[in-house]
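Work through the exercises below with the model open beside you. Try each task before reading its solution.

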Amino acid sequence: MMGIAALHAILRELLMRLDKFLSNNTPYSRSQAHRLIHAGEVTVNGEIIKKTDHKINGTEQVLLNKQQILTQSVRYLMLNKPVGYVSANHDSENPTVIDLLDEINKSSLQIVGRLDKDTTRLVLITDDGEWNHKITAPASKCKKTYFVTLADPISQETVALFNQGVLLDGEKKLTAPAELELVNSYQARLTISEGKYHQVKRMFAAAGNKVIALHREKIGNLLLDSTLASGQYRSLTHQEVQGIFND
Ligand code: URA
């Protein structure tokens with residue numbers, strides 16, 4: 001029999017705040033949604049609701065200025081991942097990136113290219129499996145840019161090595177040419193077009209160095225929105241969804 005805690009977890013997954021529902025399914029931002037709700041412009045099943053954290057499950061009739069808001073079935077989200085969160089839908093020991101989302105039907109969300117628990121910043125999440133596949137399939141060679149901090153100074157040989165391709169521990173083939181741009185002696189931007197397990201850390205390990213901090217800044221043409229604080233997320237615009245792929 002299902003326990004009370006498990007039942008609560010399922011119910012929580014199915015519920016969403018009214019302000020979030022509005023900002024996800026209309027062009028309005030979360031703060032604009034607050035103003036509209038406080039102004040009494042929003043009804044849920046015929047009742048004016050002025051509480052921005054009023055919980056809905058997606059089956060209600062929600063009207064804004066007497067116009068029905070229809071849910072957008074496909075979601076494309078950009079999250080600023082904090083340290084300590086794992087890139088998984090469920091984990092028995094750690095909080096997950098999905099836990100940070102105030103969304104309904106979380107089980108249909110997919111993480112587009114995982115980050116390690118201690119890696120931060122840009123994570124994309126969607127329920128469009130085809131879009132996910134287009135970005136993550138090895139054949140698409142989608143570029144990812146990481147900001148890396150190293151334990152030891154970065155040598156010019158490492159720049160050349162990454163450009164030629166490097167043999168990772170346990171692999172038979174060299175990595176594809178990658179671009180390493182030095183920011184200072186200990187920090188650099190690395191752009192890779194593959195997504196092997198722990199790739200950036202293993203590339204620097206192969207060059208005799210050690211990654212001590214790793215942030216993903218960019219996927220394809222899409223940069224992390226600098227207005228998103230750690231742990232915050234937003235929907236992508238139509239242009240961002242379409243424009244992410246390299247030409
Ligand atoms: N490479 C890594 O080593 N870790 C990540 O999280 C992403 C790329």
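**Exercise 1. Ligand contacts**

Solution. Start with Asp116: one of its polar side-chain atoms lies 2.7 Å from a nitrogen atom of the ligand. Next, take the backbone. A polar backbone atom of Val200 is 3.1 Å from a nitrogen atom of the ligand. A polar backbone atom of Lys201 is 3.1 Å from an oxygen atom of the ligand. Now check the cover. On its own the ligand has 240 Å² of accessible area (Shrake-Rupley method, 1.4 Å probe), and the protein covers 95% of that.

Keep the ground rules in mind. This is a predicted model, in which local features need pLDDT of at least 70, side-chain atom pairs count only at pLDDT 80 or more, and totals for chains, interfaces and linings use all residues. Residues are numbered from 1 along each chain as its sequence is written, and side-chain values use heavy atoms, with hydrogens and water left out.

**Exercise 2. The shell**

Task: list the residues around the ligand, meaning those with a heavy atom within 4 Å of it, and sort them.

Solution. The list reads Leu115, Asp116, Thr119, Tyr146, His198, Gln199, Val200, Lys201 and Leu214. Sort by class: 4 are nonpolar, 3 polar and 2 charged. Here Ala, Val, Leu, Ile, Met, Phe, Trp, Tyr, Cys and Pro count as nonpolar, Asp, Glu, Lys and Arg as charged, and the others, Gly among them, as polar. Then sort by element. Helix α6 (residues 199-206) gives the largest share, 3 residues. Helices are DSSP runs of H or I with at least four residues, strands runs of E with at least two, numbered from the N terminus.

**Exercise 3. Domains**

Solution. The chain divides into domain 1 (4-68), domain 2 (76-137 + 227-243) and domain 3 (143-219). In contact (heavy atoms within 4.5 Å) are 13 residues of domain 2 and 9 residues of domain 3.

**Exercise 4. A hairpin**

Task: how do β11 and β12 pair?

Solution. Strands β11 (residues 179-182) and β12 (residues 187-192) run antiparallel over 4 bridges; pairing requires that DSSP finds at least two. Leu180 has Leu190 as its bridge partner in β12. A hairpin of 4 residues links the strands.

Definitions and conventions
A polar contact is a pair of N or O atoms within 3.5 Å; within protein, one must be able to donate a hydrogen and the other to accept it, and residues adjacent in sequence count only if both atoms are side-chain atoms. Domain bounds come from an automatic or database domain assignment.
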